[in-house]
Amino acid sequence: MTTDAARRFASLAVHAGQDPDESTGAVIPPVHFSTTFAQDGIGGLRRGYEYGRSGNPTRTALQMQLAAIEGGAHAFSFASGLAAEDALLRAVLSPGDEVLLGNDVYGGTYRLLSRVLGPWGVRLRLVDMSDEQAVRAAVAERAPRLLWVETPSNPLLRITDIATLARIGHDAGALVVVDNTFATPALQQPLGVGADVVVHSTTKYLGGHSDVVGGALVLSETHRDGALAEEIGFLQFAVGAVSGPLDAWLTTRGIKTLAVRMERHSRNAAAVAAFLAGHDRVARVYYPGLAEHPGHEIAARQMSGFGGIVSVALESAEAARRLAESTRLFQLAESLGGVESLVNYPDAMTHASVRGTEAAVPVEIVRLSVGIEDEGDLLEDLDRALRV
Ligand SMILES: *Cc1c(COP(=O)(O)O)cnc(C)c1O
């Protein structure tokens, strides 16, 4: 079996769900574009496949790979990260339930909860998830149904101790969800330290090449026989925000190189963070790999690398906007996690939807997604852009 649980991350990423094609021996399993599957007599399904929304072998392969690399019991892939989040939230929440959300989560997650699920009766409270006492106080005040954290967070790279958060959540009877998009399972495995569900925008590092939008949910072993997997599987089928076959295949191909990419992203980002920390035009650098980062010790324990995202505060909003518009190798674009370096001005781009709310991002902040290009070229580009 290629999903041999004893194998380690880099091997699982390459082999899980990727058994050679039975009929031809093709080492890369074919992409199954068929929308429907011939039945051997009415209801005589081969391996359960019936119709492209309810199941597809290429999607199954991706889901096996996702479960293996996160150390989970079940995985579900979706058309986008937000579609995955929506399925999870609908599976878990009823009107009147409350979500306790990190106060610097992805803007789209906040928007989904406040503007789509809010009108259906879901309630929302925000807290700084990296502040353990604040989380304890918020949970003691009123037990939420669900705790949602991003660590490292976006874009301020705050770090939360997942094991502690899971204990606090479980003591209150809440489901503990970690958006693992920034760290990826190559660097951090939340299910292994107590989280119930991992969420991904596979659009980012898992796909890794900025050429496919997708999302995923992975459930921990605690939920192996639980009703949650059944409910999510039902919503994946009944709502239908599934990944198409080519999207699923591109994501699988991306994941195979995740381990080597994350090493290089982390190395380049560390170099960028150190360079910016010593630059006279930079007010502050946010990178969990820096010893002065408030979450550095937890990150060093919880992660096997510090990842590829670096945020910087400039002296003013004008200086931040100027940096974002002056780099050449770092391209000005939303998103992150691809092999190419990107620069983003959160206040007006990725986080425009949370402007003026308690989840707003300071206007002096620029976020860098450090790619896998040559380190010297990246530093030169930033230095030149900072002097414009
Ligand atoms: C991009 C992103 C999402 C949303 O994913 P989409 O694939 O864009 O729908 C969720 N969480 C984080 C941390 C992200 O960066």
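With which residue does Glu221 form a salt bridge? In this predicted model, the partner of Glu221 is Arg224, and the closest N and O atoms of the pair are 2.9 Å apart. Glu221 is partly exposed, with a relative accessible area of 43%. Arg224 is also partly exposed, at 41% relative accessibility.

Side chains of opposite charge can pair when their charged atoms come close. The count of salt bridges in the model comes to 13. One of them joins Asp86 to Arg90, with 2.7 Å between the closest N and O atoms. Both residues belong to helix H3, which covers residues 81–92, and they are four residues apart, about one turn of the helix. Asp86 has a relative accessibility of 13%, which is under the 20% limit, and therefore counts as buried. Arg90, in contrast, is partly exposed, with a relative accessible area of 42%.

A salt bridge also connects the side chains of Glu132 and Arg136, at a distance of 3.0 Å from N to O. These two residues lie in helix H5 (residues 132–141), again four residues apart, about one turn of the helix. Glu132 is partly exposed, its relative accessible area being 35%, and Arg136 is partly exposed at 38%. Elsewhere, salt bridges link Glu98, Arg125, Glu141 and Arg142 in a network.

Thr252 is located in helix H8, formed by residues 245–256. With a relative accessible area of 3%, Thr252 is buried. Leaving aside residues up to four places away in sequence, Thr252 touches Gln18, Leu62 and Gln65. With Gln65 there is a polar contact between the two side chains, at 3.1 Å. Asp196 is 56 residues from Thr252 along the chain, and the C-alpha atoms of the two are separated by 23 Å.

Gln302 is found in helix H10, which runs over residues 296–302. Gln302 is buried because its relative accessible area is 17%, a value under the 20% cut-off. Apart from residues up to four places away in sequence, Gln302 touches Thr151, Leu187 and Gln188, among others, as well as each residue from Ile159 through Thr160, Asp161 and Ile162 to Ala163. For Ile162, the backbone nitrogen lies 2.8 Å from a polar atom of the Gln302 side chain.

Methods
Residues are numbered from 1 along each chain as its sequence is written. This is a predicted model: local features need pLDDT of at least 70, side-chain atom pairs count only at pLDDT 80 or more; totals for chains, interfaces and linings use all residues. Side-chain values use heavy atoms; hydrogens and water are left out. Buried means under 20% relative accessible area, exposed over 50%, partly exposed in between (1.4 Å probe, protein chains only). A polar contact is a pair of N or O atoms within 3.5 Å; within protein, one must be able to donate a hydrogen and the other to accept it, and residues adjacent in sequence count only if both atoms are side-chain atoms. Contact means heavy atoms within 4.5 Å. A salt bridge is a side-chain nitrogen of Lys or Arg within 4 Å of a carboxyl oxygen of Asp or Glu.
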